[in-house]
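Student: I have a structure to go through, and I would like to know what stands behind each term we use for it. Could you take me from the surface to the core and on to the loops?

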Amino acid sequence: QDKGTKMTEFWLISAPGEKTCQQTWEKLHAATTKHNNLSTNSKFNIPDLKVGTLDVLVGLSDELAKLDAFVESVVKKVAQYMADVLEDSKDKVQENLLANGGKVLTQQWQAEHKFYSSSLDTVPFLLIFKGVNQIDNDLKARASAYNNLKGNLQNLERKNAGSLLTRSLADIVKKEDFVLDSEYLVTLLVIVPKLNYNDWVKQYETLAEMVVPRSSNVLFEDQDSYLCNVTLFRKAVDDFKHKAREYKFMVRDFQYNEEEMKADKEEMNRLSTDKKKQFGPLVRWLKVNFSEAFIAWIHVKALRVFVESVLRYGLPVNFQAMLLQPNKKTMKKLREVLYELYKHLDSSAAAIIDATMDIPGLNLSQQEYYPYVYYKIDCNLLEFK
């Protein structure tokens, strides 16, 4: 895939062999390149598989449709989770997902022929299903562990952010801001709106009896408020809180506890380190398993093409499968060219569709219907903004 074009969709189609399958391929290639390269094409050779009875093929066709939907959903989930994990660098998603367009599809497929036994009845559906199901289950477990970690860390970070009325004050205050271990005296923390700060300076010493004069300092400020301390006798605290509220001074519930604050900080560091530790292996796992699931998906598509081609074009097995990457702007034209090329395959379709019409595909079942065997491999699903 060159950098200029985004991952897009591929059409996996098949047509009956003419005198030779090579001829079928040349005819298609000539037709699509004659009109300004409507698509980038490559042969998609499917190994000869032994064919059972018609009943078996019809059954396989249904099984494969279900398997296709399942594998596609897992491919999408892995891709989507990769985008979630890479958070700020969504643009890196593409390079971490195997995104090498048509070349990869065909190369991987050719390399994987060995995956098949030669009989269709024993084609390893179960193997594909088990393998992809395992990826699905592993993804759930890994995502759940990583999301937990991320969630806990975000909660702690949230506690250390936000307004002075709600945020944790542990990382703001220092030991020397408090009178500690005194039988009679206690230091309170008060949130004073900036607009009311002058009132605070004038009033705080007289809001209750027994406030220590000149014991208030500004310790911190955010956009709207100051955080101030004030020291007074313990028995005057309730009175002070009550009076402060009338002036819109908010006394925060806060006990200075060095042990607790240290534990919080350590927890935050631990979670942050854990998240960093898990990140690399998780991204690697996602890369490898995206590739695995994607290959499995292409296998299923190939099997569907094989089964569908035998059901449509009959025996002996004689068809050419081809992978097209349509040019985005000329998809409609490509459909027309393919229709002209293959409408003779299907007299009923030719009768139903008037050739001058735009051919959206007759909607027989969910699969769009064309006179040739057609499956879409939609890689747009794997794009993230």
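Predicted model: local features only at pLDDT ≥ 70, side-chain atom pairs only at ≥ 80, totals over all residues.

Student: What makes Ile135 buried?

Tutor: Buried means under 20% relative accessible area, exposed over 50%, and partly exposed in between (1.4 Å probe, protein chains only). Ile135 has a relative accessible area of 7%, so it is buried. In the protein as a whole, buried residues make up 44% of the 385 residues.

Student: Where is Ile135 found, and which residues does it touch?

Tutor: Ile135 is found in helix H5. Helices here are DSSP runs of H or I with at least four residues, strands are runs of E with at least two, and both are numbered from the N terminus; the protein comes to ten helices and eight strands. Not counting residues up to four places away in sequence, Ile135 touches Val74, Val78, Trp285, Asn289, Glu292 and Ala293, where contact means heavy atoms within 4.5 Å. Ile135 and Val75 are 60 residues apart in sequence and 9.5 Å apart in space, C-alpha to C-alpha.

Student: What share of the contacts with a separation of 6 or more comes from residues 24 or more positions apart?

Tutor: Such residues account for 80% of those contacts in the protein.

Student: Why is a set of residues called a nonpolar core?

Tutor: The name is given to buried Ala, Val, Leu, Ile, Met, Phe, Trp, Tyr and Cys residues joined through side-chain atoms within 4.5 Å. The largest one has 68 residues, of which Ile13, Leu28, Val71, Leu286, Leu338 and Tyr342 touch the most other members. Among the elements that each supply at least two residues are strand S1 (9-16), helix H2 (54-85), helix H5 (125-159) and helix H9 (331-342). H8 gives the most, with 18 residues. A second, separate core of 19 residues includes Val190, Leu207, Ala208 and Val230.

Student: What makes S2 and S8 edge strands?

Tutor: Start with the sheet: it is open, with four strands in the order S2-S7-S1-S8 and antiparallel pairing. Strand S2 (39-43) and S8 each have a single partner strand, so one side of each is left without a neighbour in the sheet.

Student: How do you know that S2 and S7 pair?

Tutor: Two strands pair if DSSP finds at least two bridges between them. Five bridges join S2 to S7, which run antiparallel, and the bridge partner of Ser42 in S7 is Leu323. H9 lies across S1, S2, S7 and S8, running at about 10° to S1; the axes are lines fitted to C-alpha atoms, for helices over the stretch in contact, and angles run from 0 to 180 degrees between N-to-C directions.

Student: How do you know that the length of H9 is close to what is expected?

Tutor: The expected span is 1.5 Å times one less than the number of residues. H9 has twelve residues and reaches 16 Å from its first C-alpha to its last, close to the 16 Å expected. Among its buried residues are Leu334, Leu338 and Tyr342.

Student: Which peptide bond is cis?

Tutor: The bond from Leu315 to Pro316 is cis, with omega near -5°. Pro316 is found in the loop between H8 and S7.

Methods: Residues numbered from 1 in each chain as written. Heavy atoms only, no water.
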